[in-house]
Amino acid sequence: MPYSANPTPDGTKPVAAITGASAGIGEATARALAAAGFHVVVGARRAERIESLATEIGGDAIPLDVSDRESVDAFAARLPRLNVLVNNAGGAFGLEPIAESVDEKWRAMWETNVLGLMMMTRACLPALEASSAGHIVNIGSIAGLESYPGGAGYTSAKHGVVAITETLRVELLGKPIRITEVDPGMVETEFSLVRFDGDNDRASNVYRGLKPLTAADIADIIAFAVTRPPHVNIDHLRVTPLAQASATLAHRQ
Ligand code: NAP
């Protein structure tokens, strides 16, 4: 890993908290930031997974459900200090057109991707500001930049993430807190398995005939963004596999 965390004034390791670190992009980001010299605190609902990850990278694991205000506040209260918050927890549930929308799926997508991100950010802002060099990284999606058939529950939530990122950028102007949004296209993780409720065939069909991004590809980009000098703010990064031009246009062999 070629990246190094910016030093802190007292020489202690900067602390990075990552939500949704029990799988995929969050888990890979935990490894990448630990390798870059951060003390990493990982959160997710599957406690066993984050505990073994924390042991492996020499960090801490705290159970976290970002859709639950008490869980969010308890997580934030246990952070000793905080330099970087990666709001990664999220995902999609289903691919039904609006005419067949399922309220529970929409509610879950909004509560995780939008409200969860807001509550985590609100709870962590005081510690980020106190660090004198804070950084929030929001994991959005190309679904936040485009719309596609059947995707409205997820695309509307990720469009919401774009609006939150842009609002934070102006609200935090003058404070020592950077804000970056990373918007990936297809990344092969548990994402599609979750979206299609454990249906392996449907999930693997998403990546059929092309080389998708890996979680490590996105983790590498997050590590790059958070290790720039503190005056450098990368606002937005849209990242897709070479074979994917848009949410609906991919080149398959
Ligand atoms: P993943 O492999 O399914 O991982 C999702 C992570 O989010 C898991 O660790 C899961 O942990 C956590 N999570 C879900 N609900 C949570 C909750 N209520 N509280 C705490 N943690 C929760 O999917 P991924 O691809 O890595 O997704 C990470 C982020 O990237 C998401 O925001 C997703 O929308 C975004 N994204 C993914 C893709 C893609 O193609 N894969 C593309 C664009 C954007 P637990 O279940 O253990 O809680």
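## Helix packing and aromatic pairs

The axes of helices α4 and α5 cross at roughly 15 degrees and come within 8 Å. The model described here is predicted. Angles under 35 degrees count as roughly parallel, and α4 and α5 are therefore roughly parallel to each other. Their crossing is right-handed. On the α4 side, the contact is made by W106, M109, W110, N113, V114, L117 and T121, which meet A152, G153, Y154, S156, A157, K158, V161, I164 and L168 in α5. By class, this contact of α4 with α5 has 11 nonpolar, 4 polar and 1 charged residues.

Helix α4, which spans residues 103-130, also packs with helix α3, residues 69-77. In this case the angle is about 30 degrees, and the axes are 9 Å apart. The crossing of α3 and α4 is right-handed. The residues R69, V72, D73, F75 and A76 of α3 meet M119, M120, R122, A123 and C124 of α4. The residues of this contact divide into 7 nonpolar, no polar and 3 charged.

Attention now turns to the aromatic rings. A search of the whole structure finds 2 aromatic pairs, and their geometry is set out below.

| Pair | Distance between ring centres | Angle between planes | Class |
|---|---|---|---|
| Y3 and F224 | 5.8 Å | 65 degrees | edge-to-face |
| Y154 and F191 | 5.4 Å | 55 degrees | tilted |

The pair of Y3 and F224 is edge-to-face because its planes stand at 65 degrees, and planes over 60 degrees apart fall in that class. Y3 lies in the segment before β1 (15-19), whereas F224 belongs to helix α8 (residues 215-226), so the pair ties together parts that are 221 residues apart in sequence. Y3 is buried, with a relative accessible area of 16%, while F224 counts as partly exposed at 33% relative accessibility.

The rings of Y154 and F191 form a tilted pair, with 55 degrees between the planes. Y154 is in helix α5 (residues 152-171) and F191 is in helix α6 (residues 191-195), so this pair ties together parts that are 37 residues apart in sequence. Y154 is buried, with a relative accessible area of 7%, and F191 counts as partly exposed at 26% relative accessibility. Y154 is also one of the α5 residues in the contact with α4.

Note on methods: Residues are numbered from 1 along each chain as its sequence is written. This is a predicted model: local features need pLDDT of at least 70, side-chain atom pairs count only at pLDDT 80 or more; totals for chains, interfaces and linings use all residues. Side-chain values use heavy atoms; hydrogens and water are left out. Axes are lines fitted to C-alpha atoms, for helices over the stretch in contact, and angles run from 0 to 180 degrees between N-to-C directions. Helices (H or I, at least four residues) and strands (E, at least two) are DSSP runs, numbered from the N terminus. A crossing is left-handed if the near helix is turned anticlockwise from the far one by less than a right angle, and right-handed if clockwise. Contact means heavy atoms within 4.5 Å. Ala, Val, Leu, Ile, Met, Phe, Trp, Tyr, Cys and Pro count as nonpolar, Asp, Glu, Lys and Arg as charged, and the others, Gly among them, as polar. Rings of Phe, Tyr and Trp (its six-membered ring) pair if their centres lie within 6.5 Å; planes under 30 degrees apart count as stacked, over 60 as edge-to-face and the rest as tilted. Buried means under 20% relative accessible area, exposed over 50%, partly exposed in between (1.4 Å probe, protein chains only). Angles under 35 degrees count as roughly parallel, over 145 as roughly antiparallel, 65 to 115 as roughly perpendicular and the rest as oblique.
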